[in-house]
Each structure stands twice: as structure tokens, then as C-alpha cells.
Amino acid sequence: AAPAVGEAVAAPANCTLDECTAVCAHCASNGTGSVCKAHGQSCVDGDQRVLAVGDWQCLCVLPATGAATGRPAQCALDECDVHGAACEELLCTDASTDPESEDDWSCTCLPPSVGTLRGAKPTCTLDECEDMGARTTCTEAGQLCVDPSPQPDSTNDWECHCAVGKQFAQGSAAVCTLDE
């Protein structure tokens, strides 16, 4: 018989079985220690009726998530859930949600801005020549594209510079003249 507990006087006992603490073949504590505790997890037996056996659960300890019935859980730790606020309105990604893999989360700027930094918010840049296609306008005219201010909030300030001379135009190809 399972190690159930309960007592009553002059009536049938209302016995319960906490499989997380009882020592039995189908319990979380099978005589060699708690299966859940050995994996750094907590144990919960939500239904302690004597006939409800094998329903104990291993639960991952926060901030990790995961649960499994009758065996250790596969825990996951998304560091963005823990540290994601540091990214503010940027994209947070965790390279691995394995709880053993820590400090591998990063923040990435939202397109068309570029920039990524592991473990912190990056400085986002927006090179309109590189990232917005302005380079094509300039190179088709045989000119050099320059974005004098690569901050994401500074747009439409790219320039086409003539290959020879000092002429340039903002937002379009320049009219180049050769001054001899």
C-alpha cells in the first residue's frame, strides 16, 4: 500500500497522498531523494487523493519556465523576459533559452536602422546611402554618396558628391562641372 496519511474516529479515514514528499515507487521521492529537487526544480502534487497517483509535477524555478508530469521538466529561460526592458523599443533576442546559457541575449535596432549589442541597448544608425538605397542614385551618376548624419532621426540629408570638384547636392545627383 502507498504511504497515505489520514485518520478518523468512528468513520472511514479521508486519506491523502502527497507524492512529492511520500516515498513510494511512483512518487517524486522514490527513496533516493526528490526527482524534482535533484534537477533544481520544485514539486507539486495538485491532486492528493490516494487513487490519483503519478500526477505529481516538476516545475521550473522562476525566471525559468516549464513543467512536466511524473518526471523532471525541460526548463527554458528567455533572458528577454528578464532583461528585455533594457532594449526599450528595440528587438530583444535570446540566442539560447537553455537555463545554463546565460548572458547571450542582445538588442537589435528596428529596420531600417542598424545596430546590435549583446546584453545592452546599441547605438542605432541609419546610413541612407547604405540602408535606404540612396547610393544607387549617386553611383548611377558617377558620384559618391555621403550621409553626413547617420542618426535614425536624421533622414533625407544624404548627398551626392561629384568625383572631381566640390559640388554636391542633397537628396539627388549633383550637377558636376569641371573648373579649370
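I began with Gly119, which, leaving aside its neighbours within four places in sequence, is in contact with Trp105 and Ser106; contact means heavy atoms within 4.5 Å. The model is predicted, with local features needing pLDDT of at least 70 and side-chain atom pairs pLDDT 80 or more, while totals for chains, interfaces and linings use all residues. Residues are numbered from 1 along each chain as its sequence is written, and side-chain values use heavy atoms, without hydrogens and water.

I looked up where Gly119 sits: in the loop between strand S6 (116–118) and helix H3 (128–131). Helices (H or I, at least four residues) and strands (E, at least two) are DSSP runs, numbered from the N terminus. Gly119 is partly exposed, at 35% relative accessibility; buried means under 20% relative accessible area, exposed over 50%, and partly exposed in between (1.4 Å probe, protein chains only). From Gly119 to Trp105 I noted 14 residues in sequence and 5.6 Å in space, C-alpha to C-alpha.

Next I took the sheet. It is open, has three strands in the order S4-S5-S6, and its pairing is antiparallel; two strands pair if DSSP finds at least two bridges between them. Strand S4 (91–94) and S6 are at the edges with a single partner strand each, so one side of each has no neighbour in the sheet. S5 (residues 105–108) pairs with S6 over three bridges, and Ser106 has Arg118 in S6 as its bridge partner.

Then I turned to the cores. A nonpolar core is a set of buried Ala, Val, Leu, Ile, Met, Phe, Trp, Tyr and Cys residues joined through side-chain atoms within 4.5 Å. The largest one has eight residues, among them Trp105, Leu90 and Cys80. A second, separate core of six residues includes Cys129, Ala134, Cys145 and Trp158.

How many salt bridges does the structure hold? I found three, a salt bridge being a side-chain nitrogen of Lys or Arg within 4 Å of a carboxyl oxygen of Asp or Glu.

- Asp47 and Arg49 meet at 2.6 Å, N to O; Asp47 is partly exposed at 22%, and Arg49 is exposed at 56%.
- Lys121 and Glu88 meet at 2.7 Å, N to O. This pair links distant parts of the chain, 33 residues apart: Lys121 lies in the loop between S6 and H3, Glu88 in the loop between helix H2 (79–83) and S4. Lys121 is partly exposed at 39%, whereas Glu88 is exposed at 56%.
- Arg135 and Glu130 have their closest N and O atoms 2.7 Å apart; Arg135 is partly exposed at 30%, and Glu130 is exposed at 53%.
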